[in-house]
Amino acid sequence: MPAARIRVRGQVQGVGFRPFVWRLAARHEIRGEVSNDAEGVLIHAEGAALDVFLAALRDEAPPLARVDAVECEPVEPHLGLSGFSIRETHAGAVRTHVTPDAVVCPACSAEILDPDERRHGYPFANCTHCGPRFSILEQIPYDRATTTMRAFAMCPACRREYEDPGDRRFHAQPIACPDCGPRAWLEVAGTELSGEALALAAARLRAGQILAVKGIGGFHLACDARNEVAVAELRRRKRRPGKPFALMAPDLETIRRFARVSAAEGEILATPAAPVVLLEAAGEALAPSVAPGQWALGWMLPTGPLHLLLLRAFGGPLVMTSGNLSGDPQAIGNDEAREKLTPFVDAFLMHDRKIARRLDDSVARRAGGALRMQRRARGYAPETLPLPTGLAAAPPILAYGGHLKAALCLVRDGQALLSHHLGDLDDALSCTEFDKAERDYAALFDHTPQVLACDQHPDYRTTRSAEARADVDGLPLVRVQHHHAHIAAAMAEAGWEPRAGPVLGVAFDGLGWGPDGSVWGGEWLLCDYARFERLAWLRPVPLPGGTAAQREPWRNLMAQLDACDLPAEADALLADKPLATLRAAVDRGLNAPLSSSAGRLFDAVACAAGLAPERQSYEGEAAMLLEAAARPALSAARPYPFGRDGAAVDPAPMWAALLADRAAGVPAGVLAARFHLGLAEAASGVARALAKAHGARAIALTGGCFQNVTLLELCLGRLAGCTVLTHSATPSNDGGLALGQAAVAAAQVLAQR
Ligand code: ZN
Ligand code: ZN
Ligand code: FE
């Protein structure tokens, strides 16, 4: 094959792909040219070593590139072609490809640590293979002038690198150096301190101070993770009593001193996205207040050169928690941070590169042989996910997601773009953020929806936004049942084709609107993308006090025991609680909707085991403490039995056995383990039977409860031999809901055609 036209598809723009092709061509003596266009990268190539060149396109692609396809067709050679050139991109021809932020690459790390390099010690070094992207992007197309780096004029030395196709900074839009780029400083009470900012900051951290540190997607609060006084003080100032703090370490070796890190977990930690990875605590101890009662701690590696230099200067693990008051979104602007964070901190590690959008740290863990995303934000957004081909013909869709862990989903041309985590919409600031994101994503991705999708819950903020938009723009609005959306999200992520038939979905969740007027959350649904049928559920019990029952686990214990005709046991276990008043309200049907929620069952069991706080200080607290207690006892424990009453899966036998254990003085960890085993047995046993009876060829596991890796792995073990669809790149919690809503809307629209 003397000459070929090569098409490369995937994430191949803005990642240094053209200069990579140029270098490859030089190495293999290929003549021709490379350009960007609407479909990706297009290459004309001629030369004897064309086959080697083709293979290398895939095998040696730059670190931030994702090559989905390399298509090659033979063409006539161009007469008189000499050399290989990079063609300029024609404005307007390129469909927007924006890549996520990436941590400092090995080459840039080596450079900033090398005293002979001009970027030695420079906290904003980056290149085509690393650096900020989405967090500095103001508008499209991605170019220096459309990022917050436009405030800095390139010096001649940077300009030369930027224009040299042989340099790894060729067209690196955020290129910077100490002569021309952003700078960092340490600030106390509005005054900049003289001296080297990172050394000053590290010294203060060593002295036990709390610092606000401006990062990639927002401010963090940092302190010495081994200094109990400092960590406890941070909890007090932040008014965050129990929710675990994330940690940052200078390198993998440091993390290994405090946590068990498998090879696969090490790889996730070291990916360019640098998420927080939940790892089992082992080895040296940290300050007890870092994560009270937890078995897994959230660790990340430095997210940029500033953090790398800070962590190196400090020399140990730091607490690195988002810079906000509990519930508020993270601060991103310097003045905003000064205004909001001054009461929390002793000093600010500031810099003058503007953050264009708030991006929280992503949170992931490894379970059941795969990565499990729990919060999808910095480093992952705005990556797209391919929809199953059977849904690819759908028109552009915008799905609004849930209420907590809000995220939007844009669908176009068979690709789904799940936005970054937008926070909990109980918070006014997060609502503002959400509205901004709706406009922001539409503009950045040139997206005009023809169909909208939302939850069926009438009071979700997102439902009201979707209704208002549908009204103004005259668009159809598809309302998707909460757990149908969860299951559809798992199906879509797994690439389940509509023609492959229905799936039996197990959705174990907090609370979701049920069409029968009750609150769902422990469901076995037979689903295809367009429709679902509710086949089984956890036996519903009242939620005494409505939303108060989400906060206070003991209310759910009363409801569970009363439903099992064990009110005397409830009285004995909850002697100090106002049960009589609550029961009177339940009897009159006051603020006590029925719910099949699995999440609330976890709360009740945690309370019965003596592991739940009186009042949860964060969502899932009781369940996380229950899981932590269960871990060491799992291997020796036997499952608690669950019963069946028609379509209802009945926890009554479980309660009888648990109370007997408790009366016999069996340790709380064993109770917790037996509950996990029993629930996994019930979830998978019922799913297997229903899938068989209804001809479903796969089982999906989804909903917030499957963030519990113990439950997830126990279920996967019991479903060995079945096709099981689980979440990996998208969260199983409400953070992934919008993807499912979009998939359901796509299927319904296609079915109508
Ligand atoms: Zn780099
Ligand atoms: Zn420069
Ligand atoms: Fe949910």
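Biologist: Which conventions apply?

Modeller: In this predicted model, local features need pLDDT of at least 70 and side-chain atom pairs count only at pLDDT 80 or more, while totals for chains, interfaces and linings use all residues. Residues are numbered from 1 along each chain as its sequence is written, ligands are numbered from 1 in the order in which they are written, and side-chain values use heavy atoms, without hydrogens and water.

Biologist: Is His486 buried or exposed?

Modeller: Buried means under 20% relative accessible area, exposed over 50%, partly exposed in between (1.4 Å probe, protein chains only). His486 counts as buried because its relative accessibility is 1%; Asp509, at 3%, is buried too.

Biologist: How is the area between domain 3 and domain 4 read?

Modeller: The size of an interface is often given as the accessible area lost when the parts come together. Buried area is that loss (1.4 Å probe), summed over both parts. Between domain 3 and domain 4, whose bounds come from an automatic or database domain assignment, about 1000 Å² is buried, 65% of it from carbon and sulfur atoms. His483, Ile487 and Ser732 supply 44% of the area that domain 3 buries against domain 4.

Technical notes. Buried area is the accessible area (1.4 Å probe) that two parts lose on being put together, summed over both.
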